[in-house]
Amino acid sequence: MSLRLGDTAPDFSAETTEGKINFHEWIGDSWAVLFSHPADFTPVCTTELGETARLKSEFDKRDCKVIAISVDSVTDHQAWVGDIEETQGCAVNFPIIGDTDHKVSQLYDMLHPGEGDASTVRSVFLIDPKKKIRMTLTYPKSAGRNFDEILRVIDSIQLTDGYKVATPVNWKNGDDVIIVPTLSDEEAEQQFPQGWKTLKPYLLVTRQPNL
Ligand code: BEZ
């Protein structure tokens, strides 16, 4: 059965380009993004890993570690990272898991027979410090992911963990947010002293509270 939001992220030990890790220990008290790519030495994956390396400081700001995985070996990953730096202008600054025995990709249901072979699809798992899965995303091999969107959803989830708000369509950090409809008027007055705009009884918009 596939993993669902709120499930505990399965733990595992694996070889990576930065040595052997135990996944839960590696996450520690941080957030983590585990993302799979179909294969080393492929063009779209090369751009995705380069972009993730470029955005590393943005992930750091959100206290979020990143780790990649494919069914290739650590030796292959190590050979490929030079190509990524050369073509994308950024050195890979996060570990890549070698998963030649498919142990981790099976645990996370990253192998999709419909995609034609034993390579992993483009899955993303966002895991919180309690090791709970908070977001999943799966793209076909042909579509490179948007890593700004992954940062955006981390912002949303971290914000809404702390305040009784939800983020509207295309929200970006700093934009107005929505007060969750289950809040009473008294609770809303207490939690949002800056006030809000009532567009409908169920649609209350307020300034992002943590600015
Ligand atoms: C790529 O990363 O470019 C890629 C990998 C597998 C299938 C198609 C494209």
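Helices (H or I, at least four residues) and strands (E, at least two) are DSSP runs, numbered from the N terminus. The model discussed here is predicted: local features need pLDDT of at least 70, side-chain atom pairs count only at pLDDT 80 or more, and totals for chains, interfaces and linings use all residues. Residues are numbered from 1 along each chain as its sequence is written, and side-chain values use heavy atoms, with hydrogens and water left out.

Ser36 is buried, with a relative accessible area of 0%; the term buried means under 20% relative accessible area, exposed means over 50%, and partly exposed lies in between (1.4 Å probe, protein chains only). The side chain of Ser36 reaches the backbone oxygen of Val121 at 2.5 Å. Such a pair is a polar contact, that is, a pair of N or O atoms within 3.5 Å; within protein, one must be able to donate a hydrogen and the other to accept it, and residues adjacent in sequence count only if both atoms are side-chain atoms.

The ligand comes next. The residues around the ligand are Pro38, Thr42, Pro43, Val44, Cys45, Arg122 and Lys141, where a residue counts as near if one of its heavy atoms lies within 4 Å of the molecule. By class, this shell has 4 nonpolar, 1 polar and 2 charged residues. In this scheme Ala, Val, Leu, Ile, Met, Phe, Trp, Tyr, Cys and Pro count as nonpolar, Asp, Glu, Lys and Arg as charged, and the others, Gly among them, as polar. The protein covers 73% of the 260 Å² of accessible area that the ligand has on its own; accessible areas come from the Shrake-Rupley method with a 1.4 Å probe, and for residues only the protein chains shown count as cover.

Which helix gives the largest share of the shell around the ligand? Helix H2 (residues 43-54) does, with 3 residues. H2 has 12 residues and reaches 17 Å from its first C-alpha to its last, close to the 16 Å expected at 1.5 Å a residue. The expected span is 1.5 Å times one less than the number of residues in the helix. Within H2, Cys45, Thr46, Glu48, Leu49, Gly50, Thr52 and Ala53 are buried. An α-helix has 3.6 residues a turn, so residues three or four places apart point the same way.

H6 has 16 residues and reaches 23 Å from its first C-alpha to its last, close to the expected 22 Å. The buried residues of H6 include Phe147, Ile150, Leu151, Val153 and Ile154. At the N-terminal end, Asn146 caps H6: a side-chain oxygen lies 2.9 Å from the backbone nitrogen of Asp148.

The strands may now be considered. Strands of a sheet pair through backbone hydrogen bonds, either parallel or antiparallel. Two strands are said to pair if DSSP finds at least two bridges between them. S6 and strand S7 (residues 133-139) pair in the antiparallel sense over 6 bridges, and in S7 the bridge partner of Ser123 is Thr138. The hairpin of S6 and S7 has 5 residues between the strands, and there Lys131 takes a positive phi near 75°.

Elsewhere, 4 strands form an open sheet in the order S8-S9-S11-S10, with antiparallel pairing. The edge strands are strand S8 (165-166) and strand S10 (197-200), each of which pairs on one side only. Strand S9 (residues 177-179) and strand S11 (residues 203-206) are joined by 2 bridges, and Ile178 stands opposite Val205 in S11.

Two loop residues complete the account. Asn170, in the loop between S8 and S9, has a positive phi near 60° although it is a residue other than glycine. At 63% relative accessibility, Asn170 counts as exposed. Asp63 lies in the loop between helix H3 (56-61) and strand S4 (64-70). The phi of Asp63 is also positive, about 55°, and Asp63 is not a glycine. With a relative accessible area of 41%, Asp63 is partly exposed.
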